[in-house]
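Colleague: Before I use this model, I would like to go through the terms in its description and see what each one rests on.
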Amino acid sequence: MDLTLQIKQDGISKGMCQEFQNLLTEGLSVQRLSTLFFKGINFCISSDFPTLPFLRENIGNKGEEYGFYLDNRPIMEINRQKLVLNGECRARIQYQNCNVGKMYIRHNSSAQVFVSGRSTVAIDAFDDTHLNIIVAGKDSQVLVSL
């Protein structure tokens with residue numbers, strides 16, 4: 001079965017809206033899939049879509065350059081505007097020099113997050129994740145939603 005059709009059918013079974021169904025076209029690239037994941041992040045996380053086994057079988061580490069990580073160890077990122085850690089990631093993430101970031105950490109992933117230099121980071125943590133946050137400077141901010 002075509003990968004796009006498989007994703008679409010799974011999404012429909014989980015209540016995906018028509019707008020996103022229309023965006024899932026044949027020959028969907030990993031870059032486009034990553035972009036759509038971030039655009040529909042609330043649906044994807046709340047519906048476990050696509051599932052972790054599906055991601056492991058079909059995506060693997062192909063989404064790294066787009067901030068979409070799966071079972072990666074170690075991950076080191078600096079000032080990544082958006083990123084998601086899926087599966088069993090282990091990461092060291094830095095935000096410095098007035099940058100803004102949004103992180104999603106899921107499944108059994110863990111991250112050390114260092115924030116300095118007037119940067120602001122929002123982190124949504126789910127499942128059995130672990131966070132270690134270090135903030136340097138009174139003008140840096142970290143917002144965590146559990």
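Modeller: This is a predicted model, in which local features need pLDDT of at least 70 and side-chain atom pairs count only at pLDDT 80 or more, while totals for chains, interfaces and linings use all residues. Residues are numbered from 1 along each chain as its sequence is written, and side-chain values use heavy atoms, with hydrogens and water left out.

Colleague: What makes K102 and D124 a salt bridge?

Modeller: The term requires a side-chain nitrogen of Lys or Arg within 4 Å of a carboxyl oxygen of Asp or Glu; the closest N and O atoms of K102 and D124 are 3.2 Å apart, so the pair meets the definition. K102 lies in strand β5 and D124 in strand β7, 22 residues apart.

Colleague: Why is D124 called buried, and why is K102 called partly exposed?

Modeller: Buried means under 20% relative accessible area, exposed over 50%, and partly exposed in between, with a 1.4 Å probe and protein chains only. D124, at 16%, therefore counts as buried, whereas K102, at 23%, is partly exposed.

Colleague: Which strands make up the open sheet?

Modeller: Five strands form the open sheet, in the order β1-β3-β5-β7-β9, with parallel pairing. β1 (68–70) and β9 (141–145) stand at the edges, each with a single partner strand, so one side of each has no neighbour in the sheet.

How values were computed:
Two strands pair if DSSP finds at least two bridges between them. Helices (H or I, at least four residues) and strands (E, at least two) are DSSP runs, numbered from the N terminus.
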